[in-house]
Amino acid sequence: MSTTKRSRRALVLGTLTALAFGATACGSSGGDPLGGGSSASASSGSSAGAGSTGGGSGSTVVIGSANFPENVLLGSIYSQALKAKGVKVEEKFNIGSREVLYGQLQSGNLTVLPEYNGALLAYLDAKSTAVTTQDVNAALATTLPAALGILDSSPAEDKDSLSVTQESADKYGLKSISDLAAKAGEFAIGGPPEFKSRREQQFKDVYGLTFKEWKPTADTTANALKDGSIQVGNVFTTDPKIVQYKLVPLADPKNVFGAQNITPLVNKAGVDATATAALNAVSAKLDTAGLTGLMKRVAVDKEDPSAVAKDWLKSNGLG
């Protein structure tokens, strides 16, 4: 996944809302997790009718995904985990962004989506100040319409980070953003062109950091870390280049970057206890480092997401 995401990588919907949700849904390797931006009408629309989809009584759970590789991989993990428990599943992957997917979940055309809790809350309530996983999920519980709900969040997060090379981490004892305070004045930091205007003052206020130089490295941030043209970079935590280049995302104990835990969003009428338990079991096992490794296989090694998902489920006793 590229380093410009969520609000920075909003997808142009065009006529997607008029398209049927079938096997010919368009695909893309980019786009922010389920699209960016907020929607004033996000809580409106028709609710799922009882029995329109479901995890019990012989009905089918319809797993959707956005049109970027990580979300397709997560959708495949969810799908195969449910099948392993005898749940009937239909896959509708590579559909589009959140603006399309959310309405389809409300209507009952989709049953389950792999979501990112912080981005979902921002979509529903742009004014929310929740940043921790617990607070974000509590806010979602009161903001989502009655037909929809979230299941257990995984420890895995696809979120902003300040990352350094393993060499820098070892040399300067860097484990968290706080540890940069002694060296920031000597370091160049890179990220998307808007990263400086969005974060410079926040890093000063929260962590006391003043960097020597800010460079607009955009999608080449990880490469710039590797070649030494920057010493700190804004890399997303499941970017496969973290594994490929042996980068170290620094801990963020003061929550400059809010929670973005991967979380199943469901149409409540469509999931029974068996489906819920299967999806929660996936969340319990999925962590950021593991997902980053899986994404290297998908995005760098070009392996089939379904095969990668199968391997992960088997290795974790879920498939």
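Strand E1 (residues 60-66) is largely enclosed by the rest of the structure, because six of its seven residues are buried. Buried here means under 20% relative accessible area, with exposed over 50% and partly exposed in between (1.4 Å probe, protein chains only). This is a predicted model: local features need pLDDT of at least 70, side-chain atom pairs count only at pLDDT 80 or more, and totals for chains, interfaces and linings use all residues. Residues are numbered from 1 along each chain as its sequence is written, and side-chain values use heavy atoms, leaving out hydrogens and water.

**Overall**
- The protein chain has eleven helices and ten strands. Helices (H or I, at least four residues) and strands (E, at least two) are DSSP runs, numbered from the N terminus.
- Of the 319 residues of the protein chain, 51% count as buried.
- Take contacts in the protein chain between residues at least 6 apart in sequence: 79% of them join residues at least 24 apart. Contact means heavy atoms within 4.5 Å.

**Around E1**
- E1 pairs with strand E2 (residues 88-96) in the parallel sense, over six bridges. Two strands pair if DSSP finds at least two bridges between them.
- Gly64 has Lys92 in E2 as its bridge partner.
- E1, helix H1 (residues 69-84) and E2 make a right-handed β-α-β unit. Right-handed means that, with the strands pointing away from the viewer, the path from the first strand over the helix to the second runs clockwise.

**Five-stranded sheet**
- An open sheet of five strands runs in the order E7-E6-E8-E5-E9, with mixed pairing.
- Strand E7 (213-216) and strand E9 (247-249) are the edges; each has a single partner strand, so one side of each lacks a neighbour in the sheet.
- Neighbouring strands of this sheet are turned by 30° against each other on average, direction ignored.
- Strand E6 (residues 188-191) and E7 pair in the parallel sense over four bridges. In E7, Lys215 is the bridge partner of Gly190.
- Helix H6 (residues 195-207) lies across strand E5 (162-165), E6, E7 and strand E8 (232-234), at about 155° to E7. Axes are lines fitted to C-alpha atoms, for helices over the stretch in contact, and angles run from 0 to 180 degrees between N-to-C directions.

**Helix pair H10/H11**
- The axes of helix H10 (residues 288-300) and helix H11 (residues 305-315) come within 10 Å and cross at roughly 155°.
- H10 and H11 are therefore roughly antiparallel, a label for angles over 145 degrees.
- Leu294, Arg297 and Val298 of H10 make the contact with Pro305, Val308, Asp311 and Trp312 of H11.

Methods
Angles under 35 degrees count as roughly parallel, over 145 as roughly antiparallel, 65 to 115 as roughly perpendicular and the rest as oblique.
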